[in-house]
Amino acid sequence: MSFINYSSREINCKIVYYGPGLCGKTTNLQFIYKRMNPEARGKMISLATETERTLFFDFLPLSLGEVRGFKTRFHLYTVPGQVFYDASRRLILRGVDGVVFCADSQLTRVDANVESMENLRVNLREQGYSPEKVPLVIQYNKRDLTGTASVAELHALLNTRNVPEFEASATTGIGVFETLKAVIKMVLIEMKKGDR
Amino acid sequence: MGRDLFILREREYEAFLSVLRKLLSDACAKIVFLVDKNGTLLASAGDTAEFDTTSLASLAAGNIAATGGLANLIGEKEFSILFHEGERDHMHISVLADRLILVVIFDRRSSVGLVRLRVRRASEDLARILFSAEEEPEGGGVIEELTDADIESLFK
């Protein structure tokens, strides 16, 4: 749910990074955190286990400058990717304005990607959203590794809506900001269309 | 809950602020803040400079969401009040009108009983302001007027 504060002149939106376990959602946020101007970002919070697996969520607030005299603030969240954390994923999707689906390009993770995308659809529906309409961007991560599925193959399996898609290597930052920019654009365009 | 837009206007913001300031003083609290259930800070009162209010808002909402999930598992709709006791500072978190979260941080100068009592009254006032805000037609212009060039300018 986008939130406009006329008093502080701010537009706030929530973006969630979704995807299977170890696909690189947290790494995306860590790279954004490292590269953003400190004045444009808040503190990154990671609720993780001792082995640095996301337990509940990561959170990174960003300020991206002004449009029409309003500051734009984007709250980036990740979900825990492991299958058994489904209840937490559902909670984090509440009030979401846009989703980045981070896919793991490795051949061994193809099934996990498909399962996670299906889980995203189910959970969006459960939160009252139409999975076909929520602003969505797909990122094919880990393109730098060997033993990866082709983009065409991943596209056929995951991108049935034909939404913007990006190849990425989140550890080196390739594709990270392109993905973020695309989802932010989609969120703002959707907000404009959806205003009552 | 589906997609929608929540607009907070100057008038409601000031009204929220005035209730929060009164609560701060009546409850002898250090800080009070109002957050929506998605973790966005709406208004705060007290000495907020020493706290990262954005993170506090997000974690308070996460906290309510997680305990709400627990509540559902045992057949409760929600745990509407949470209390966290620290060595020095304590935190009282409550849900109001099913939409907003009121957080009060206090120390030994106050007590959980006093905070609960004052929060109850403040919650009624805050809910009334929220409902009156929702009765007004939405809009306000800024979103409708956004152009592609505006959106593009964010990335320059």
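**View 1. Fold of chain B in the predicted model.** In this predicted model, chain B is built from 5 helices and 6 strands. Along the sequence, the elements of chain B run β-α-β-β-α-β-β-β-α-α-α. The C-alpha trace of chain B spans about 55 × 35 × 35 Å along its principal axes.

**View 2. The interface between chain B and chain A.** On the chain B side, 41 residues are in contact, and they meet 46 residues of chain A. The size of an interface is often given as the accessible area lost when the parts come together. Here, about 4200 Å² is buried between chain B and chain A. Carbon and sulfur atoms give 61% of that area.

**View 3. Polar links across the interface, and the chain B side.** Between chain B and chain A, 10 residue pairs are in polar contact, both partners at pLDDT 80 or more. Six elements of chain B can be picked out here, each giving two or more residues to the side that touches chain A: strand S1 (5-8), helix H1 (10-26), strand S3 (41-46), helix H2 (53-73), helix H4 (142-145) and helix H5 (148-153). H2(B) gives the most, with 7 residues. By class, this side of chain B divides into 17 nonpolar, 13 polar and 11 charged residues.

**View 4. A salt bridge from chain A to chain B.** Side chains of opposite charge can pair when their charged atoms come close. Between chain B and chain A the count is 3 salt bridges. Lys185(A) and Glu152(B) form a salt bridge. Their closest N and O atoms are 2.5 Å apart.

**View 5. A salt bridge within chain A.** Over all chains, the structure holds 20 salt bridges. This view shows the pair Arg90(A) and Glu126(A), with the closest N and O atoms 3.1 Å apart. The pair links distant parts of the chain, 36 residues apart. Arg90(A) sits in helix H2 (residues 86-93) of chain A, and Glu126(A) in helix H3 (residues 110-126) of chain A.

**View 6. The largest pocket.** The largest pocket holds about 460 Å³ of space. Its lining is made of 24 residues. Nearest the centre of the pocket lie Leu22(A), Gly24(A), Thr26(A), Thr27(A) and Glu52(A). Helix H1 (25-35), strand S3 (45-48) and strand S4 (54-67) of chain A each supply at least two lining residues. H1(A) provides the largest share, 4 residues. The lining of the pocket divides into 12 polar, 6 nonpolar and 6 charged residues.

**View 7. The largest cavity.** A search of the whole structure finds 3 cavities of 30 Å³ or more. The largest cavity has a volume of about 110 Å³. It is lined by 13 residues, with Lys14(A), Leu91(A), Ala61(B), Gly62(B) and Ala65(B) closest to its centre. S4 and H2 of chain A, together with H2 of chain B, each supply at least two residues of this lining. H2(B) supplies the largest share, 4 residues. H2(B) also gives the most to the side of chain B that touches chain A. By class, the lining of the largest cavity has 7 nonpolar, 3 polar and 3 charged residues.

**View 8. The second largest cavity.** The second largest cavity has a volume of about 80 Å³. Its lining includes Met117(A), Leu120(A), Arg121(A) and Leu124(A). Also in the lining are Pro131(A), Glu132(A), Val134(A) and Leu136(A). Leu158(A), Thr160(A) and Arg161(A) line the second largest cavity as well. H3(A) gives the most to this lining, with 4 residues. The lining residues divide into 7 nonpolar, 1 polar and 3 charged.

Definitions and conventions
Residues numbered from 1 in each chain as written. Chains lettered and ligands numbered in written order. Predicted model: local features only at pLDDT ≥ 70, side-chain atom pairs only at ≥ 80, totals over all residues. Heavy atoms only, no water. 1 Å grid on protein atoms, 1.4 Å probe; cavity = no way out; pocket = protein on both sides within 12 Å on 5 of 7 lines; lining within 4 Å. Points joined across faces, edges and corners; volume = space filled by probe spheres on them. Nonpolar A, V, L, I, M, F, W, Y, C, P; charged D, E, K, R; others polar. Contact = heavy atoms within 4.5 Å. Buried area = accessible area lost by both parts, 1.4 Å probe. Salt bridge = Lys/Arg side-chain N within 4 Å of Asp/Glu carboxyl O. Polar contact = N/O pair within 3.5 Å; in protein donor to acceptor, adjacent residues only side chain to side chain.
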